[in-house]
Amino acid sequence: MQLSKTGSISAALAAATCTLLSANAIAADSNTNSQASSLIEGWQFNSALLYYGETDRVKAAEAILSARGDFGDDKFLNLNLVLDSLTGASATGAVAQPGAQTFTRPSGAGSYTTAAGATPLDDTFRDTRVQLDASWEQPLTSNYRGTVGGHFSKEYDYLSLGINGNISRDFNHKNTTLSVGTALSHDSINPEGGIPSAFTPMLFRSNFASEGAYQQAFDGSRRTDSDTKTTAELLFGVTQVLNPNWLMQLNYSIAKADGYLSDPFKVLSVVNSNGITQQNLYEQRPDSRTKQSLYWQNKWHLSGSYLDLSYRYMWDDWSLNSHTADARWRFPVAGNWYIEPHARYYTQDEAEFYQPFLSEGMPLPAFASADYRIGQMDAYTLGAKVGTVLDGGHDFAVRLEYYQQNPNNPGVELPGALKDLELFGDVKAVMLQVSYSF
Amino acid sequence: MNNKIRILITTLALSQLAACASLDTVKPWQRGTLAKKEMQLNSAGLDNALDDHIYFSKEGSSGGRSFAGGGCGCN
Amino acid sequence: MKLLYSFLFLFCFSTIASETAPTPAQALNLAQYQGKVVLLDFWASWCGPCRQSFPWLNQMQQKYRDQGLVIIAVNEDEEHADAMQFLQKYPAQFSLVFDPQGELASHYQLQGMPTSIFLDRTGQIRFSHAGFFTAKTTDYEHEIQQLLQEGTK
């Protein structure tokens with residue numbers, strides 16, 4: 001799902017790395033529900049509908065259908081189908097101004113305006129995406145288990161293909177499990193309007209005598225029609241049973257992405273000493289990124305309740321370090337019902353080439369981006385899930401979450417008019433999900 | 001910073017090992033609770049998949065999870 | 001005289017037994033199966049492969065009962081209700097023993113779940129398998145047949 005068109009590349013990266021083992025994960029959600037009657041003998045299905053809405057910005061709807069087929073003797077086939085649809089506006093990276101502004105749409109055809117004092121948002125983006133994942137898991141020789149899988153994701157201007165594999169080995173009567181996983185993906189982006197050359201200015205039709213002259217200049221500012229990105233990831237994990245009610249996992253992962261990592265739709269504003277925008281330049285990020293992470297998860301059974309606590313520390317060569325803490329606590333209530341509150345805290349440092357804007361007269365850096373999503377920010381999620389087991393053993397649940405992002409100024413002096421404008425506004429979103437297993 | 005990280009990794013890894021005298025902690029017939037679906041590492045599988053996608057699109061980080069281990073330990 | 005002592009012993013034992021439930025070890029009482037081939041199967045409601053093993057065990061018990069096969073399934077569930085719920089869906093046509101504290105499991109030093117232990121007609125442990133695999137049921141059956149053929153003259 002592209003939660004902003006700029007998310008195309010990063011979202012695909014996400015999709016690729018998330019499916020390192022998530023195809024199995026999604027489908028395996030209710031695999032131990034032994035008493036459920038199933039639609040097809042030996043198959044467990046899981047489905048969910050999610051609505052995501054930011055106030056005044058992006059809205060998305062996503063539908064997932066996943067299936068897990070039991071082929072006997074611990075052999076399983078996992079299949080996953082995701083459909084998502086995105087509308088709404090997202091921040092372009094340009095700064096707010098005391099007066100109204102006009103911007104050219106990414107395709108080069110048409111323009112949109114932003115009100116005085118408002119954050120420039122491009123609402124061009126409407127897109128639908130289809131994703132398919134498949135994976136096969138089975139025991140290898142005794143105590144070894146292997147998984148191999150593939151991933152496909154397609155939307156109008158983006159294609160992502162990936163493969164993944166994993167081997168795990170049990171020790172100590174299956175109290176300890178070591179696993180190694182790998183994922184490779186290849187993405188291609190073919191945006192409408194092509195891919196702009198680094199730091200070329202956004203052009204305006206009004207500045208040209210004729211449509212032809214404008215089109216020629218526009219095409220001249222494009223480096224190419226399409227570009228690619230490849231990602232390779234390696235994950236090492238240790239899972240340990242600590243007591244009959246406590247399970248712990250520690251993972252280390254390293255991922256390297258190479259190719260086109262910029263967002264073809266994001267710009268930076270060049271402002272003068274009064275904070276007034278002179279022009280907007282298309283951003284440029286490095287063509288490689290190496291990320292590493294440590295992920296620690298604990299699951300406890302405490303007097304009938306289930307507590308899941310996890311923490312992830314991520315660091316990369318863009319200096320974008322982040323901490324993520326997540327807690328879910330499931331309590332049984334009347335009959336088969338449960339309630340599960342959820343809280344998540346996220347904080348990240350800005351990427352080293354992040355700049356909220358560029359200053360007129362200063363030399364252009366090698367790389368720069370004003371995308372707040374790689375800027376300094378904190379984010380909070382608070383929500384709850386309520387669910388039950390219906391007759392026939394089918395799970396039904398509703399989940400409601402509130403997500404708020406608080407971007408911060410990483411210590412940049414704001415010149416002139418920018419001092420009085422909201423440049424780092426909070427983004428607030430609501431998520432509503434309904435899920436059903438059958 | 002890199003050295004600090006290495007120390008952190010090593011400490012976490014060792015504390016995992018040091019936390020228990022033996023790693024052979026639970027007998028095969030005592031895994032009833034661990035076999036429950038709520039105790040699986042991927043118990044929130046669908047939710048996590050949807051959330052991870054959102055967070056990756058809206059933030060700068062991703063991934064980290066895997067799902068091998070735990071469970072009933074059968075076969 | 002011996003008869004009297006045996007009778008008195010049994011009488012005492014039965015009065016004691018009526019006041020306290022037999023331990024799993026007592027309930028198992030392998031001594032009574034001397035001369036029979038015993039298949040001890042350790043199972044639990046939470047054990048996935050047990051859903052496949054029960055129908056197969058039923059089949060084996062029916063097929064080889066007359067030749068002297070006795071299947072005893074030892075349940076390891078800590079909650080008796082869980083075991084009963086499993087049995088409603090997967091009925092057992094063989095003997096059941098309940099071992100909620102894991103005493104028998106511990107005694108036999110189970111290496112995994114489920115575990116099947118094959119005892120020959122003299123009560124010796126001859127084969128032991130951790131796990132149940134439908135791909136290996138032919139091998140399991142050959143082992144049963146082999147033990148049944150021993151000691152028949």
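Select chain B to begin: its secondary structure comes to three helices and zero strands, in the order α-α-α along the sequence. Helices here are DSSP runs of H or I with at least four residues, strands are runs of E with at least two, and both are numbered from the N terminus. This is a predicted model, in which local features need pLDDT of at least 70 and side-chain atom pairs count only at pLDDT 80 or more, while totals for chains, interfaces and linings use all residues. Residues are numbered from 1 along each chain as its sequence is written, chains are lettered from A and ligands numbered from 1 in the order in which they are written, and side-chain values use heavy atoms, with hydrogens and water left out.

Stay on chain B and colour by accessibility. Of its 75 residues, 60% count as buried (under 20% relative accessible area; exposed is over 50%, partly exposed in between; 1.4 Å probe, protein chains only). The accessible surface of chain B is about 2800 Å², with 57% of that on carbon and sulfur atoms (Shrake-Rupley method, 1.4 Å probe; for residues, only the protein chains shown count as cover).

Next, show chain A together with chain B. The contact (heavy atoms within 4.5 Å) takes 91 residues from chain A and 57 residues from chain B. The two chains bury about 6400 Å² between them, 57% of it on carbon and sulfur atoms; buried area is the accessible area (1.4 Å probe) that two parts lose on being put together, summed over both.

Seven salt bridges cross this interface (a side-chain nitrogen of Lys or Arg within 4 Å of a carboxyl oxygen of Asp or Glu). Zoom to Lys385(A) and Asp47(B), which form a salt bridge with their closest N and O atoms 2.8 Å apart. On chain B, α1 (2–18), α2 (32–35) and α3 (45–58) each supply at least two residues of the side that touches chain A. The largest share of that side, 14 residues, comes from α3(B).

Now select Asp225(A), in the loop between β13 (222–224) and β14 (227–243) of chain A. Asp225(A) is exposed, at 56% relative accessible area. Its C-alpha lies 7.5 Å from that of Gly193(A), 32 residues apart in sequence. Leaving out residues up to four places away in sequence, Asp225(A) touches Ile189(A), Asn190(A), Pro191(A), Gly194(A) and Ile195(A).

Finish at Leu49(A), in strand β1 of chain A. Leu49(A) counts as exposed, with 56% relative accessibility. A nonpolar surface patch of about 660 Å² includes Leu49(A), Tyr51(A) and Val398(A) among its members.

Conventions: Patch = residues over 30% accessible without salt bridge, like charges linked within 9 Å, V, L, I, M, F, W, Y side chains within 5 Å.
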